[in-house]
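Here are some notes for a colleague opening this entry for the first time. Please keep the viewer at hand while reading.

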Amino acid sequence: MKRTERIDRVELMRTFVRIVESGSLSAAARQMNTTQATVSRRLQSLESLLDVRLLLRTTHATKLTDDGERCYQHARRVIDSWLALEDEVGKSEEEPVGTLRVRAPHAFGQEQLLSPLTHFLQRYPNLSVEWMLNDKSVDFLSDNIDCAIRVGAEIDPATVSVLLAEVPRCVVASPALLSQFAPIIHPQDLNALPWIALNTFYRQHIDLFEDASLQPERVAISPRLSTDSLYVARNTALTGLGVAAVSSWTVEEDIREGRLVHVLPEWQPAPLPVHLVYPWSRYYPARLRRFLEMMREVMPQISGMRKPERP
């Protein structure tokens with residue numbers, strides 16, 4: 001009976017931490033795949049056990065009391081210790097278990113990363129992965145995400161960011177579009193052409209580098225279309241709508257087959273860094289550590305990727 005009570009108390013603390021980190025009882029219920037009534041009952045049970053009020057709830061907000069803040073800090077440490085115990089006793093140092101929640105960019109997540117992800121799951125049969133595709137920045141706590149793969153994003157000092165690889169980029173246009181303009185000899189000649197802006201990375205101008213030169217040539221552009229989708233940029237470039245700077249791996253076959261032309265190949269946009277990002281914690285479960293090891297190993301080897309040129 002004592003052991004059952006301890007397990008129940010860990011679950012109560014897990015629920016309380018999830019309420020705090022997700023921002024509400026309803027969000028905690030969704031993330032834990034249970035009902036709001038169950039979450040509310042667990043919160044009341046924890047408050048009864050501790051004989052304190054942990055949360056102040058209004059119609060629009062949930063706020064920690066002073067006791068609730070202290071309880072949250074202690075509960076977070078207890079859960080970290082419990083995860084470490086599960087890893088050690090369950091021998092998941094070698095065989096990670098549970099569910100890893102990963103957010104990845106749409107293009108990467110649909111194509112480049114599916115093969116290593118599949119091999120990873122085949123290697124660890126007791127592990128599950130929630131593979132969520134989203135190009136926007138991640139809020140680890142409210143989104144209940146363990147880690148995220150970010151391309152070209154600024155490093156957030158509040159997180160751990162591990163540089164995995166770089167994605168070379170190139171400037172492309174359809175032969176039909178280029179035939180309507182004078183030959184492109186210098187980057188500034190690109191001013192005369194219509195553009196497709198991949199607005200995650202460039203909007204009104206783009207910097208091009210010649211070989212190893214550190215001084216870029218800044219090209220002002222007038223986009224006919226702005227998009228946050230790499231696929232939209234590539235597909236509309238194929239129609240002749242405009243010039244686009246895209247990840248090289250997406251257009252390798254198009255260039256080879258003549259559907260697109262690699263414009264000024266000696267001038268390149270800066271490669272995009274690829275990071276694996278996750279929140280700071282006192283303890284990282286084996287499933288996250290193993291995933292990081294796998295990503296560090298395979299990412300530079302994936303087609304279209306390369307090892308970072310900087311540390």
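Which residues of H3 are buried? Point 1 gives the list.

1. Start with helix H3. This is a predicted model. In it, H3 covers residues 36–50, which is 15 residues. The helix reaches 21 Å from its first C-alpha to its last, close to the 21 Å expected at 1.5 Å a residue. Its buried residues are Thr38, Val39, Ser40, Leu43, Leu46 and Glu47. Just after H3, Asp51 takes a positive phi of about 60°.

2. Next, the five-stranded sheet. This sheet is open, and its strands run in the order E4-E3-E5-E15-E6. The pairing is mixed. Strand E4 (127–133) and strand E6 (159–167) form the edges, each pairing on one side only. Neighbouring strands are turned by 20° against each other on average, direction ignored.

3. Look inside that sheet. Strand E3 (residues 98–104) pairs with strand E5 (residues 147–151) in the parallel sense, over two bridges. Val102 stands opposite Cys147 in E5. Helix H11 (residues 286–298) packs on the sheet. H11 touches E3, E4, E5, E6 and strand E15 (272–279). The direction of H11 makes about 45° with that of E3.

4. There is also a three-stranded sheet. It is open, with antiparallel pairing and the order E12-E7-E13. Strand E12 (244–247) and strand E13 (261–262) are its edge strands. Strand E7 (residues 169–173) and E12 pair over four bridges. Arg169 stands opposite Ser247 in E12.

5. Now the aromatic rings. How many aromatic pairs are there? The count comes to five. One of them joins Phe108 and Trp249, with ring centres 6.0 Å apart. Their planes stand at 35°, so this pair is tilted. Phe108 lies in helix H5 (residues 106–112), and Trp249 in the loop between E12 and helix H10 (252–256). The pair therefore ties together parts that are 141 residues apart in sequence. Phe108 counts as buried at 4% relative accessibility. Trp249 is buried too, with a relative accessible area of 10%.

6. A further pair involves H11. The rings of Phe120 and Phe291 have their centres 5.5 Å apart. Their planes are at 70°, so the pair is edge-to-face. Phe120 sits in helix H6 (residues 114–123) and Phe291 in helix H11, so parts 171 residues apart in sequence are tied together. Phe120 is buried at 3% relative accessible area, and Phe291 is buried at 1%. Phe120, Tyr124 and Phe291 form one aromatic cluster.

Technical notes. Residues are numbered from 1 along each chain as its sequence is written. This is a predicted model: local features need pLDDT of at least 70, side-chain atom pairs count only at pLDDT 80 or more; totals for chains, interfaces and linings use all residues. Side-chain values use heavy atoms; hydrogens and water are left out. Two strands pair if DSSP finds at least two bridges between them. Axes are lines fitted to C-alpha atoms, for helices over the stretch in contact, and angles run from 0 to 180 degrees between N-to-C directions. Contact means heavy atoms within 4.5 Å. The expected span of a helix is 1.5 Å times one less than its number of residues. Buried means under 20% relative accessible area, exposed over 50%, partly exposed in between (1.4 Å probe, protein chains only). Rings of Phe, Tyr and Trp (its six-membered ring) pair if their centres lie within 6.5 Å; planes under 30 degrees apart count as stacked, over 60 as edge-to-face and the rest as tilted.
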